[in-house]
Amino acid sequence: MLDPSPLAIRCANLTKRYDGRPPVDAVRGLDLEVAQGECFGLLGPNGAGKTTTIEILEGLMPATSGTVEVLGLSWGQADNEIRQRIGISLQETRLSEKLTVLETLTLFRSFYAKGYAPQDVLAKVSLEEKANALVGKLSGGQKQRLAVASALVGDPELLFLDEPTTGLDPQSRRQLWEIIREIRSAGRTVLLTTHYMDEAERLCDRVAIVDQGKVIALGTPHELILTLGGEHVVEFSLECDDDGRMPSRGELAELPAVSAVDFENSHIRLSVTEPHVVLPALLDCLGSRQCPLRSLTTRHASLEDVFVKLAGRHLDDEEPTT
Amino acid sequence: MMKTTPTQIDNRTYSPLGQIVLSRLREFYREPEALFWVYGFPILLVVGLGIAFRNQPVEQITVDVQAHSAAADVVEALSARPRFVAAVYSPQQTRLRLRTGKSDVVVSVSEDSPPGYEYTYDPSRPSSVLARNAVDDVLQRAAGREDVVAVSEKEFSEPGGRYIDFLVPGLLGMSLMGGGLWGVGFVTVDMRIRKLLKRFLATPMRKSDFLAGIMLSRMMFMVPEVLVLVVFARLAFDVRIFGSVATVVLLVLIGAVTFSGLGLLVAARPRTLEAVSGLMNLVMLPMWLLSGIFFSSDRFPEVAQPLIKILPLTALIDALRAVMQDGASLASQWSPILIMAAWSVASFYLALRFFRWT
């Protein structure tokens with residue numbers, strides 16, 4: 001690793017099998033190393049094993065096999081010390097609706113030997129004016145910020161956030177991103193799970209793409225996007241998609257600046273390094289074939305494209321039944 | 001807008017147990033429905049009893065006299081006493097009325113000389129037997145029988161010895177049992193369903209603090225509940241506490257601990273409210289039947305007694321009755337107290353051990 005500082009999280013060959021008929025292998029040999037001070041994202045579709053992985057790391061359920069170290073300590077040996085030093089926000093906790101925001105935080109604060117004054121944590125998540133509001137009266141975004149505040153109240157070195165913005169409106173999501181950036185810049189380690197590629201791209205120093213219980217790609221968002229062969233994507237569809245006028249895959253691959261070609265139904269996707277070079281050449285090619293465009297878009301490549309390339313489907317597709 | 005991170009570390013220590021208890025108390029008094037069920041229910045109960053026990057009129061005895069030339073004399077003799085309601089009916093009517101419970105006894109004048117009476121009554125109905133004897137007494141006297149020995153009567157209805165005095169400690173025990181099991185069991189399973197238990201598990205909270213906090217808060221809700229029942233019984237029925245009030249308070253506290261411990265044990269594993277309700281009924285039903293809430297548990301067969309005696313509700317009710325009715329001392333109640341203490345320790349230990357947090 002680039003960073004010589006000790007690891008916040010290390011897990012090796014982690015597996016988790018849920019008993020049942022048939023048994024479900026939620027995690028199948030997952031390795032992870034998270035350095036101190038980084039914001040690390042587990043990105044993957046629903047059912048990829050992200051929540052199972054994070055809950056094993058949080059000490060909330062035992063692994064079937066594999067080793068886990070959190071802040072250099074192991075679950076089962078130093079549970080209380082680990083819990084004093086980590087903060088957790090679960091995917092779906094319904095905090096007591098009849099308590100106020102401040103009362104809820106004071107309750108959580110009482111469990112930790114050290115930490116912030118509840119009032120100060122409210123400031124961190126911009127909920128000061130809601131201090132005396134009942135939890136039941138908060139909006140979805142405010143509840144989620146309170147959940148993050150309850151994770152922060154013990155001044156943790158390492159923060160686990162499971163799907164922190166799922167189900168929130170765009171403005172609430174941005175607000176939470178701002179809070180998470182703030183936490184990270186204060187030198188804390190953050191491990192978050194998400195199935196939003198934009199979230200992982202904007203927030204995370206490094207991302208592990210998880211699919212079917214395994215890490216299928218690991219790196220900074222930029223590194224991962226570079227593996228596509230180009231940072232840009234040109235997507236188009238044609239009016240002549242089922243006759244002889246259609247350009248072949250090989251023909252498209254030979255256009256300048258094109259590094260990869262994907263056919264997905266009637267959509268064609270080119271990974272390109274320089275869109276301004278490829279576009280005139282593409283239009284020339286289509287013109288000479290007399291094959292009109294139905295649609296054409298160019299955009300920056302995203303982690304979604306990385307996932308599609310590696311897993312052969314989209315992040316919001318259902319898990320294939322195996 | 002975001003503020004720059006306040007880095008001030010707050011080194012105050014907050015008591016986790018205190019915070020858990022405080023949270024429970026706040027959640028409780030901010031929930032109007034819960035307030036009604038906990039405090040409204042015992043009031044309804046005592047009001048219901050008030051209707052059952054107050055202004056009970058002297059029991060009337062309905063006597064049918066079969067049509068006969070001397071029937072009017074019989075009716076006259078009986079009607080002189082306010083206790084009797086007597087009237088003349090045809091033989092068919094008297095049979096029907098006796099069979100359907102509209103009358104207690106039928107008197108027919110026989111044709112013998114001197115005339116005698118024939119009583120038709122239902123030996124399986126206590127009121128019918130009572131009516132037969134009462135009617136006989138009046139008719140014999142009317143015919144000139146003299147009492148051989150002078151007697152005087154005194155009604156026994158002193159506070160401490162009436163059925164209501166027996167009943168109130170039973171109801172107290174019953175409400176402590178229901179409150180403890182439902183109050184703790186439901187709340188705990190609900191927190192499990194809401195994943196709040198899992199969230200707490202993710203903190204360094206001590207598990208024993210949590211369980212003790214739930215039990216302690218339950219005991220605090222119990223105080224007004226018990227007060228309502230005891231004060232109402234005192235004001236409305238003059239139900240007095242003959243022993244020391246402090247001893248009663250102590251017994252109530254021990255009972256509350258015992259049943260909230262049982263509630264915790266019952267709630268240790270279930271993941272749905274249906275499952276915990278079923279379990280709760282399974283635990284409470286034998287005690288409702290056997291522990292002597294409405295009548296003495298001594299009426300059950302001798303072989304069953306050791307089993308009945310070690311039920312926590314039997315222990316609580318027996319001790320409460322001894323102190324409230326007979327003025328027994330705390331020291332004399334060591335055995336039921338020991339039984340309850342054993343239940344508390346065992347259920348708290350087992351609950352802590354088998355508790356499912358996720």
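In chain A, 3 strands form an open sheet in the order β2-β1-β4, and the pairing is antiparallel, where two strands pair if DSSP finds at least two bridges between them. At the edges stand β2 (24–35) and β4 (65–70) of chain A, each with a single partner strand, so one side of each is left without a neighbour in the sheet. From one strand to the next, the twist averages 15°. Strand β1 (residues 7–18) of chain A is joined to β4(A) by 5 bridges, and Val70(A) in β4(A) is the bridge partner of Ile9(A). Helices (H or I, at least four residues) and strands (E, at least two) are DSSP runs, numbered from the N terminus.

This is a predicted model, in which local features need pLDDT of at least 70 and side-chain atom pairs count only at pLDDT 80 or more, while totals for chains, interfaces and linings use all residues. Residues are numbered from 1 along each chain as its sequence is written, chains are lettered from A and ligands numbered from 1 in the order in which they are written, and side-chain values use heavy atoms, with hydrogens and water left out.

Across β1, β2 and β4 of chain A lies α1(A), running at about 120° to β1(A); axes are lines fitted to C-alpha atoms, for helices over the stretch in contact (heavy atoms within 4.5 Å), and angles run from 0 to 180 degrees between N-to-C directions. The loop between β3 (39–43) and α1 (50–57) of chain A holds Asn46(A), which is exposed, with a relative accessible area of 51%. Exposed means over 50% relative accessible area, buried under 20%, and partly exposed in between (1.4 Å probe, protein chains only). The C-alpha atoms of Asn46(A) and Thr194(A) are separated by 8.9 Å, although these residues are 148 residues apart along the chain.

Helix α5 of chain A has 11 of its 13 residues buried, so it is largely enclosed by the rest of the structure. Its buried residues, including Gly141(A) and Leu152(A), pack against β5 (86–89), α3 (101–110), α4 (118–124), β6 (158–162) and α6 (170–185) of chain A, together with α7 (196–201) of chain B.

Chain B itself has 13 helices and 4 strands. Its radius of gyration, taken over C-alpha atoms, is 30 Å, well over the 21 Å that the globule rule gives for 358 residues, so chain B is more spread out than a compact globule; the rule is 2.2 Å times the number of residues to the power 0.38. Along its principal axes, the C-alpha trace of chain B spans about 115 × 45 × 45 Å.
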